[in-house]
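Could you walk me through this structure in my viewer, one selection at a time? I would like to know what to pick next and what is there.

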Amino acid sequence: MSNSDTAAIDLVNRLIAAKAAEAEANKARVAIEQEIIDLLGAQEEGASTTALSNGWKVTVTGKLTYSVAADDMAAFVAKCAKLDEAIRPIKTVVSIDETKAKKIRATDPKAWRCVGSLITTKAAKTAVSVKV
């Protein structure tokens, strides 16, 4: 075994242990948050703040998510068109298709020269995975 192999094994062991500790800490945090919610209560949507005797303030925020099933989207859009534009609960988002941008950058220099100067690329977090 080389020194770099031994060092890599040590680092991977430490990574595995850290990920396990992180998972346990996350489970504990979620359980404690639920206990706080059970104790203090929560609004369906909105925040409520409780002042504790030690001066801390605990805010519990209830949230709802809103979505429309893909099969219902056409009907939803049609019904929204009947509403005043100022209150329509719909928006259109135009964004870059990263998969296609990657493909253009890798395979089509001419197309990349056309659009590449308008696209900002930056390094993302490098991932490390371990299979045991």
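This is a predicted model: local features need pLDDT of at least 70, side-chain atom pairs count only at pLDDT 80 or more; totals for chains, interfaces and linings use all residues.

Now widen the selection to strand S1, residues 46–51, and strand S2, residues 57–62, which pair in the antiparallel sense over 6 bridges. S1 and S2 form a hairpin with 5 residues between them. In the turn, click on glycine 55 and check its positive phi of about 100 degrees.

Next, go to helix H1, residues 3–40. The whole structure has 3 salt bridges.
- Aspartate 10 and arginine 14 meet through their side chains at 3.7 Å, N to O. They are 4 residues apart in H1, so about one helical turn separates them. Aspartate 10 is partly exposed at 39%, while arginine 14 is exposed at 53%.
- Lysine 27 bridges to glutamate 24, with the closest N and O atoms 3.7 Å apart. Here the spacing in H1 is 3 residues.
- Arginine 29 pairs with glutamate 33, with the closest N and O atoms 2.9 Å apart. Both lie in H1, 4 residues apart.

For the largest pocket, select residues including Ile96, Trp112, Ile119 and Lys122 from its lining. The pocket holds about 240 Å³ of space. Helix H3, residues 98–107, gives the largest share of the lining, 4 residues.

Last stop: select Ile16, Val128, Val130 and Val132, which make a nonpolar surface patch of about 390 Å². Valine 132 lies in the segment after helix H4 (109–115), and valine 132 counts as exposed because its relative accessibility is 95%.

Conventions: Residues are numbered from 1 along each chain as its sequence is written. Side-chain values use heavy atoms; hydrogens and water are left out. Patches are made of residues with over 30% relative accessible area and no salt bridge: like charges are joined within 9 Å, nonpolar side chains (Val, Leu, Ile, Met, Phe, Trp, Tyr) within 5 Å. Accessible areas come from the Shrake-Rupley method with a 1.4 Å probe; for residues, only the protein chains shown count as cover. A salt bridge is a side-chain nitrogen of Lys or Arg within 4 Å of a carboxyl oxygen of Asp or Glu. Helices (H or I, at least four residues) and strands (E, at least two) are DSSP runs, numbered from the N terminus. Buried means under 20% relative accessible area, exposed over 50%, partly exposed in between (1.4 Å probe, protein chains only). Two strands pair if DSSP finds at least two bridges between them. On a 1 Å grid over the protein atoms alone, a cavity is a set of points where a 1.4 Å probe fits but cannot get out, and a pocket is an open set with protein on both sides within 12 Å along at least five of seven lines; lining residues have an atom within 4 Å of a point. Grid points are joined across faces, edges and corners, and a volume is the space filled by probe spheres set on the points.
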